[in-house]
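User: I have a model open and want to go through a few spots in it. Can you take my questions as they come?

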Amino acid sequence: MKLPITGGCLCRKVTYQITAEPIGAGNCHCRTCQKSVGTAYLAVLFVPYSALKIRGKHTEFATHSASGNTVYRGFCPVCGSMLFGRNSGNDKIRPVSAATLDDPRIYQPHMDFWVSDAQPWDYMDPDLPKFAENPLHL
Ligand SMILES: [Zn+2]
Ligand SMILES: [Zn+2]
């Protein structure tokens, strides 16, 4: 992938750069992602923690993951776009919402996870590996 990868929220008050190759990419079908993004799943890139450079002031909302960690979802306080997150149990990886990339076409998911929470109207690529929960244990 060409670096840096850039992205931002709907109103462009919060933008970011990813300065290293993503570690992974997948579609999260968990219930909290559904609520948070308002649709069937969150398309997410996993990037090295220090590779995410954020510009502009974002707000975080905390929830608890199945493993008991605190998951912080970072969103723009002006337009509400959910951009990236962090997890109290993992200081190596940060999830970034693939749909907020400036060029979202570069996103190539290699798995579906939390399919145990998926809605019956959620169509998934049958060729991608499926995981009931998160294989990265975030
Ligand atoms: Zn915004
Ligand atoms: Zn999720």
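User: Leaving aside its neighbours within four places in sequence, which residues is lysine 13 in contact with?
Analyst: This is a predicted model. In it, lysine 13 contacts Gly56, Cys76 and Val78.

User: Where is lysine 13 placed?
Analyst: Lysine 13 is in the loop between strand S1 (5–8) and S2.

User: Why does lysine 13 count as partly exposed?
Analyst: Because lysine 13 has 16 C-beta neighbours inside 10 Å, and partly exposed means between the cut-offs of 12 or fewer for exposed and 20 or more for buried.

User: Switching to sheets. What is the order of the open sheet of 3 strands?
Analyst: S1-S2-S5, with antiparallel pairing. The edge strands are S1 and strand S5 (52–55). From one strand to the next, the twist averages 20°.

User: How many bridges join S2 to S5?
Analyst: There are 4 bridges. In one bridge, isoleucine 18 is partnered with leucine 52 in S5.

User: Now the core. How many residues has the largest nonpolar core?
Analyst: It has 27 residues, and Cys28, Val44, Leu83 and Val96 have the most contacts inside it. Strands S2 (15–18), S4 (42–48) and S8 (82–87) each give two or more residues to this core; S4 gives the most, with 5.

User: And which residues does valine 96 touch, not counting those up to four places away in sequence?
Analyst: Valine 96 touches Ile18, Val44, Leu45, Val47, Leu52 and Phe84.

Conventions. Residues are numbered from 1 along each chain as its sequence is written. Chains are lettered from A and ligands numbered from 1 in the order in which they are written. This is a predicted model: local features need pLDDT of at least 70, side-chain atom pairs count only at pLDDT 80 or more; totals for chains, interfaces and linings use all residues. A nonpolar core is a set of buried Ala, Val, Leu, Ile, Met, Phe, Trp, Tyr and Cys residues joined through C-beta atoms within 7 Å. Two residues are in contact if their C-beta atoms, placed from the backbone, lie within 7 Å. Two strands pair if DSSP finds at least two bridges between them. Axes are lines fitted to C-alpha atoms, for helices over the stretch in contact, and angles run from 0 to 180 degrees between N-to-C directions.
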